[in-house]
Amino acid sequence: MIPSNYVGYFQTASQAAGALIGLLFVVVALRPGKIVGAHADPVARGLAASTFTGLVDAFFVSLLALIPGNNLGVGAAIMAVLSLYHTLRLHLGLRGVRHIVIFVASLLAYGFQLCIAVAFVLHPHDAGLVNDFTFVLIAAFGVALSRAWQLLQSGAVAADEGHAAGTSGDGTEP
């Protein structure tokens, strides 16, 4: 059970996650061929998927926390397992030090979430575990936002160089 003094936190976290998921959809819609198309860069696809995983995890855990009388542990455990699965599947194909650091951070965040969720199933009235969930959500947001930043830096969502320079992309004036 969630103490009433945490309701505002989980409301804000669910709203923030929902808004960020919406922004991610906008980014993908603006550059579908570079992020999710048949010829999309696998790194950009992985970054977008990883961002989505972190935000969806934070969104659903926050929503589950707001259901009165609900044991947050069960839903948070399911979300942690799904997030761990998607993280393993997505990151095993990516290479580079930056990917390894975020990969490890993702595994730690979702693994810690799973541990707390199991503890919460066993001790549903432990307010200390609720406090731990708040920090897990911050970690999930941190991982998702760092992945989103890497996606932006990858150039997959950057403006076309030709359009940015005032040309039509083929070197001629528009």
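The axes of helices α3 and α4 come within 9 Å and cross at roughly 175°. Axes here are lines fitted to C-alpha atoms, for helices over the stretch in contact, and angles run from 0 to 180 degrees between N-to-C directions. Because of this crossing, α3 is roughly antiparallel to α4; angles over 145 degrees count as roughly antiparallel, under 35 as roughly parallel, 65 to 115 as roughly perpendicular, and the rest as oblique. On the side of α3, the contact is made by G46, A49, S50, T53, V56, D57, F60, V61, L64 and A65. Contact means heavy atoms within 4.5 Å. The residues that form this contact divide into eleven nonpolar, eight polar and one charged. In this division, Ala, Val, Leu, Ile, Met, Phe, Trp, Tyr, Cys and Pro count as nonpolar, Asp, Glu, Lys and Arg as charged, and the others, Gly among them, as polar.

The model is predicted, so that local features need pLDDT of at least 70 and side-chain atom pairs count only at pLDDT 80 or more, whereas totals for chains, interfaces and linings use all residues. Residues are numbered from 1 along each chain as its sequence is written, and side-chain values use heavy atoms, with hydrogens and water left out.

The view may now widen to the whole chain. The protein chain contains seven helices and zero strands, and from the N terminus on its elements run α-α-α-α-α-α-α. Helices (H or I, at least four residues) and strands (E, at least two) are DSSP runs, numbered from the N terminus. Of the 174 residues, 40% count as buried. Buried means under 20% relative accessible area, exposed over 50%, and partly exposed in between, with a 1.4 Å probe and protein chains only. The accessible surface of the chain comes to about 9000 Å², of which 71% belongs to carbon and sulfur atoms; such areas come from the Shrake-Rupley method with a 1.4 Å probe, and for residues only the protein chains shown count as cover. Among contacts with a separation of 6 or more, 71% are accounted for by residues 24 or more positions apart.

The interior comes next. A nonpolar core is a set of buried Ala, Val, Leu, Ile, Met, Phe, Trp, Tyr and Cys residues joined through side-chain atoms within 4.5 Å. The largest such core has 26 residues, of which I2, F10, V61, L72, F120 and F133 touch the most other members. At least two residues of this core are supplied by each of α1 (7-30), α3 (42-65), α4 (72-91), α5 (97-122) and α6 (127-153). Helix α6 gives the largest share, eight residues. Apart from this core lies another, of seven residues, among them L24, I35, A44 and A48.

L72 touches I2, V61, L64, A65, F120 and F133, not counting residues up to four places away in sequence. I2 lies in the segment before α1. With the same exclusion of residues up to four places away, I2 touches F10, A65, L72, F120 and V130. The C-alpha atoms of I2 and G69 are separated by 8.2 Å, although these residues are 67 residues apart along the chain.

Several residues in the helices complete the picture. I21 lies in helix α1 and counts as buried because its relative accessibility is 11%. Leaving aside neighbours within four places in sequence, I21 is in contact with F52, L55, V56 and F59. I21 and F52 are 31 residues apart in sequence and 6.7 Å apart in space, C-alpha to C-alpha. A16 is also placed in helix α1, but its relative accessibility is 32%, so A16 counts as partly exposed. A16 and L55 are 39 residues apart in sequence, with 9.0 Å between their C-alpha atoms.

T51 lies in helix α3 and, because its relative accessibility is 2%, counts as buried. Not counting residues up to four places away in sequence, T51 touches L24, A144, R147 and A148. V81, in helix α4, has 46% relative accessibility and therefore counts as partly exposed.
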